[in-house]
Amino acid sequence: MKRFATLMLAFALVLGAFSGAQAADIKAKGQWAFDFSWLDGGDYQKDHGDDFSASQRLRTQIDVVASEALKGVVFFEMGNTVWGRADGALGADGKSVEVRRSYIDWIVPNTDLKVRMGLQGLALPGAVAPSSLILDDDVAAVTMSYAINDNVGVTALWARPYDTSAGETSSQNKFDEADVFALAVPVTLDGFKITPYGVYASVGKDVNSSSAPNGGWEFGQGMLSLSEAVSGGINSGSDTYDAWWAGAAFEMSYFAPFSLKMDAVYGSKTGDDVDSAERTGWIVAALAEYKLDMVTPGILAWYGSGEDDDVSNGSERMPSISPTGWGVTSFGFPGSVYRQDTYFGLTPAGQWAVGLQLADISFMENLSHVFRVVYMKGTNDADVVKKNAGVASAFSPTAGEVFLTDEDSAIEVNFDTTYQIYENLKLVVEMGYIKLDMDEDTWGSDNFADAKKLVFNFVYDF
């Protein structure tokens, strides 16, 4: 009995010591998402049939809050788990847990300077989507922000997307790092907000190590010039290369219920002393809306510079880093609430478009709709495909990017419905259609088909 009492006393003392050390509050939030989808023509090829799939994903964020000036955050993701495949098959015991983010937020003592360091979700300024045309992804970074006054702030960051030094010996001196630096100055006035920003990236000549995903620096419509994309190469020269962007995100609500959002950005990638490796271009986008009681009609438009007919002088489409969130539509671009999107592209580089959007359509409680129709046409010279055989194979729709020339066009239609089942549970039904009109003389084929989707998403936020 004495031994038992002694053990219990020791256990209580340990618990007391542990509890005393745990001064932080633990808070959890996240989202379960389920997808039941039918997709036809996702690769824009004829006679490939339709595909039904079901999938799920869990995202959980845990905040460890020590005080108003200090907290830590870890963000887990489980999935995407496709039912019937891998860890979604019979037994369902696969390894699908990922640590997407892990960082701390703290305020420098006796100042208002806020610091975030670690693996974090990083999005450069954007207004139309709202998300950046350059970077919106998880990355290791240090971000610092400071409010100069009630109207003006400043944010600076350094991110390291890659350091591919695996296997490097002490006798080697590889240039295998990629670094990104950015500065943004948000200015908020009565009914207006403008955020000018600048970005600089330095990419070492050895970053294309096989240990780096996506060839080291190929993100979506990213850093590759047209000639590099066709040849499948990157950093083919003997030196590092640099990239920079300058842009602004603008929002106006002063004349409410009318509002206007605009993005404008210019970007350039140079280096390697090889003209064909250069990439320079610009993009502008705008969304004008007028809010009514039961609907918010809007006009959406964008323009992105495109290729000329000569691949030897580099690329005329704007480079980007990882623009995964420019969700202007819910099928062709990354605007779905869960996963069935980006079947057209990640940015509007190399195309122009104009569209009509009817948002916030609501005739009854807990039920709302969004309707969009967008006409898109390429700004790339059709001769760049006709004169360079490799372009057709590198940028066919089956390669994961629709490369529209000035002879090609597409129409996308979305009709999405949201029903709020409970306060934290909603059903989102997404219907999408993309009619692709690719010029047969340009591409040497007429085997292109339209893409269609019908998706039932159940989303539980907690």
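Lys269 sits over the face of Tyr241, 4.5 Å from the ring centre. The model is a predicted one.

**Ring pairs.** There are 18 aromatic pairs. One of them joins Trp244 and Tyr266: the plane angle of 40° falls between the 30 and 60 degree limits, so the pair is tilted. Its ring centres lie 5.6 Å apart. The two partners are 22 residues apart in the chain, and the pair links distant parts of it. Both are partly exposed, as the table shows.

| Residue | Strand | Relative accessible area |
|---|---|---|
| Trp244 | strand 11 (residues 241–252) | 39% |
| Tyr266 | strand 12 (residues 258–271) | 35% |

Elsewhere, ring pairs tie Phe192, Phe250, Tyr254 and Phe255 into a cluster.

**Core.** In soluble globular proteins, nonpolar side chains tend to be buried together. The largest nonpolar core here holds 56 residues. Ile134, Trp245, Trp302, Phe344 and Met376 touch the most other members. Strand 10 (residues 192–203) is the top contributor to this core, giving 4 residues.

**Cavities.** How many cavities reach 30 Å³ or more? The count is 2. Strand 12 gives the most to the lining, with 3 residues. By class, the lining has 6 nonpolar, 3 polar and 1 charged residues.

Definitions and conventions: Residues numbered from 1 in each chain as written. Predicted model: local features only at pLDDT ≥ 70, side-chain atom pairs only at ≥ 80, totals over all residues. Heavy atoms only, no water. Phe/Tyr/Trp six-rings, centres within 6.5 Å; stacked < 30°, edge-to-face > 60°. Helix = DSSP H or I, 4+ residues; strand = E, 2+ residues; numbered from the N terminus. Buried < 20%, exposed > 50% of the residue type's maximum accessible area, 1.4 Å probe, protein only. Lys NZ or Arg CZ within 6 Å of the ring centre and 35° of its normal. Core = buried A, V, L, I, M, F, W, Y, C linked by side-chain atoms within 4.5 Å. 1 Å grid on protein atoms, 1.4 Å probe; cavity = no way out; pocket = protein on both sides within 12 Å on 5 of 7 lines; lining within 4 Å. Points joined across faces, edges and corners; volume = space filled by probe spheres on them. Nonpolar A, V, L, I, M, F, W, Y, C, P; charged D, E, K, R; others polar.
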